[in-house]
Amino acid sequence: MATVEEEESAKKKKSHGILKLYYGMTEEGKAAERHLEPTDVDGVHFNPELYLTKLRKESSLSQLMDVEADMVRQIRSLDSEMQTLVYENYNKFISATDTIRKMKNDFKKMEDEMDGLASNMAVITEFSARISSTLQVSHQQITKLSGVHTLLRKLQFLFELPARLKKCIELGAYGQAVSYHSKARSVLHQYQHMPSFHGIQTDCQAIMAGLADTLRQRFRDPASSPQELSECVEMLLNLEEPAHLLCDEFLAHGRGRLASHLSDLQESGDILEFVDRGCGGFISDACLLAASYQSLFSKEPGNSAQMAEAKLTVFLEELSTGYFELVEKRLHQEKSLGDNSLLVRALDRFHRRLQAPSKLVPGCGFNRRGTEIVVRAAQERLAQYLQSLKEFFQGCLTDVRQALAAPRLPGKETSGLGDLLAGLSASVLNQIKTVLAAVHLFTAKDVAFSNKAYFKGEFCSQGVREGLIVAFITSVCQTARQFCEIPGEKGTSTPPSLLLLLSRLCLDYETSTISYILTLTDEQFLGQDRSPVTPVSSLCSLARSTAQTLLNQFVKYQGLVVSQMLRKSVETRDWVTTIEPRNVRAVMKRVVEDITGVDVQVGLLYEEGARKAHSSDSSKRTFSVYSSSRLQGRYAQSYTPSAPMDTNLLSNIQKLFSERIDIFSSVQFNKVSILTGIIKISLKTFLECVRLRTFGRYGLQQIQVDCHYLQLYLWRFVSDENLVHCLLDEVVGSAAHRCLDPAPMEQSVIEVICERG
């Protein structure tokens, strides 16, 4: 008894624990303890007397009234919820009651039916046992008679077989005749030693030989359809004709049809129409022929199937070679770059349609050869786009040269070069983007061949990046370098402003454009190829060196232009007998004007650049440099018999302590450096020309006036005014060395003449 009570107690505790776990009352035992309190209104051990006693002791009158009001409100709320719950579920209660009542009636009826079914099954079982016992005696006789009946029907079929075969041949039901003969052939062959069966076999063989001749004639008829050919071959195979001969004749018949498709391909419209005609004609018929051939000959036992497959492979390889040659020839003719999507669609369709024959005849390699053609077409299209980019760049340069050569209205020159550079750079960049967009069609996700290894790797890195973009950037630099010819040869026709513009273009490529183009290319063509590519730094170095070469050539060219004016002005004048100078020579004004024009032109493309600090009297330094007192003290001694020291020695000593001037050094990419290089070349030429002439008094004075004028205007163009000061000082000094009567002009007079000029 104790054990039973303990088990019941354990079960109650277990169920009670499950309920507590369900209602979340196990947390640290707080909920359980709270429900055990007798003063807990919601607890199971609630004691009203203790609860009221506790309230009276612990609460004031107002608190008691509040508790009463709250309790009344809760009671009303519970009553209302209870009524609502009853009203809402009333219909459900009624429906459940009706359902239970119906179930009781239905189950009672079902029990009656089951009882009836059990009694019927018992009766059926009894009748079945009676029938089996009655028929058991005659069952073996019936089985024997049935076998005899079947044998008689077969014998009747054999005796009627020759007549049936003739009737089928007369009606054209050749397939039915072959089927009848195939069923009876083994039996006739087995019992051919019996006279009756031997006669039937002889008659059937004669009839089927005639049918075989008829089928061969139909098989060799060129007008026969593929379906008729298949039926003929199948029936001839059932008649035990040699399989290898049928293979050859079947393929020979298909050769003519496929060859006619190849001849039709030579006359077609655009590339898409060409591919459609090839795929719809040659490829479709090749697939049909291969499928029919395999269904007919691949079922042959032994080595016959392998022999048949080998013949089919050789046949398709031979004909497909001609088809692929026609496709490649047509692709070579596709030179138009207007709509690349047409070519990509054609290649995609061509590649897709080759999947079917590749699966039918894997030994032919349709897929491999088609992929090779697509790859070569893509490579050729990249080469065409590269050539088109080069031609586009040449066309842009031609337009720029025409714009530079065209006469300009006054006031328009200040924006010409900047606009031309912006237009050239934008046009080339837009053309590159257009080409990249067109080439990107080869790697589109909806293109079948884009998942090939070549288009995922080598096409992106070596084809597009290296073969197209890097090659074009290199071509731009090479084309620009071609303008740096020696003046007097081919390069004479190159406008110097074009050299300046191209140098700025290459410099912009070095600073930003190359990085932008290659980044754009790498983003669009994320190749998986790990082959080495040209780094951006190498292309930037090439562009910078090209810009430097062009800029050096521009400086030399402009320096030679100014030098040519100065040289002619010195060589065509008689400096010994010239008159006293009254104004600055016109050539000096022209030199200043030309250099000012170059300054404006260069300023449109290059920044100002750094200069050394100018002195406050930069334009007046010629007063001290070319003053008469200095010239008299410096050069008069050479014409005095008691000269204590050679003036040439004094001049050479002075050069030792002066800074060396590198005339043809590379210029920097700023306006001040460019103008400094031009002025250095010009003044150096002026100096060398002066050293080759002999001067009289007025000739020396004219040189003084010209040099002072140049000093007044040229110092503002150079990075260091001391450079102009030093070169002009040497010019005047060299003229004084070669002067027969070195009597310099007063500085005040020189200043008046220059201001008046």
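Guide: R691 and E688 sit three residues apart in helix α24, a separation of about one helical turn. Helices here are DSSP runs of H or I with at least four residues, strands are E runs of at least two, and both are numbered from the N terminus. The model is predicted, so local features need pLDDT of at least 70 and side-chain atom pairs count only at pLDDT 80 or more, while totals for chains, interfaces and linings use all residues. Residues are numbered from 1 along each chain as its sequence is written, and side-chain values use heavy atoms, with hydrogens and water left out.

The side chains of R691 and E688 form a salt bridge at 3.2 Å, N to O. The term stands for a side-chain nitrogen of Lys or Arg within 4 Å of a carboxyl oxygen of Asp or Glu. R691 is partly exposed at 27% relative accessible area, and E688 is partly exposed at 33%. Partly exposed is the range between buried, under 20% relative accessible area, and exposed, over 50% (1.4 Å probe, protein chains only). Both residues belong to a network of salt bridges that links K684, E688, R691 and E730.

Helix α24 covers residues 671–691. At K671, a salt bridge joins its side chain to that of D599, with 3.6 Å from N to O. This pair connects distant parts of the chain, since K671 belongs to helix α24 and D599 to helix α20, 72 residues apart. K671 counts as buried at 12% relative accessibility, and D599 is likewise buried at 14%.

Helix α20 spans residues 586–603 and holds both R590 and D594, four residues apart, about one turn of the helix. Their side chains meet in a salt bridge of 3.1 Å, N to O. R590 is partly exposed, with a relative accessible area of 44%. In total the structure holds 21 salt bridges.

Disulfides, meaning pairs of cysteine sulfur atoms within 2.5 Å, are absent: a search of the whole structure finds zero. For C540, the closest cysteine sulfur is that of C477, at 9.8 Å, which is too far for a bond. C540 is buried at 11% relative accessible area. C689 is also buried, at 8%.
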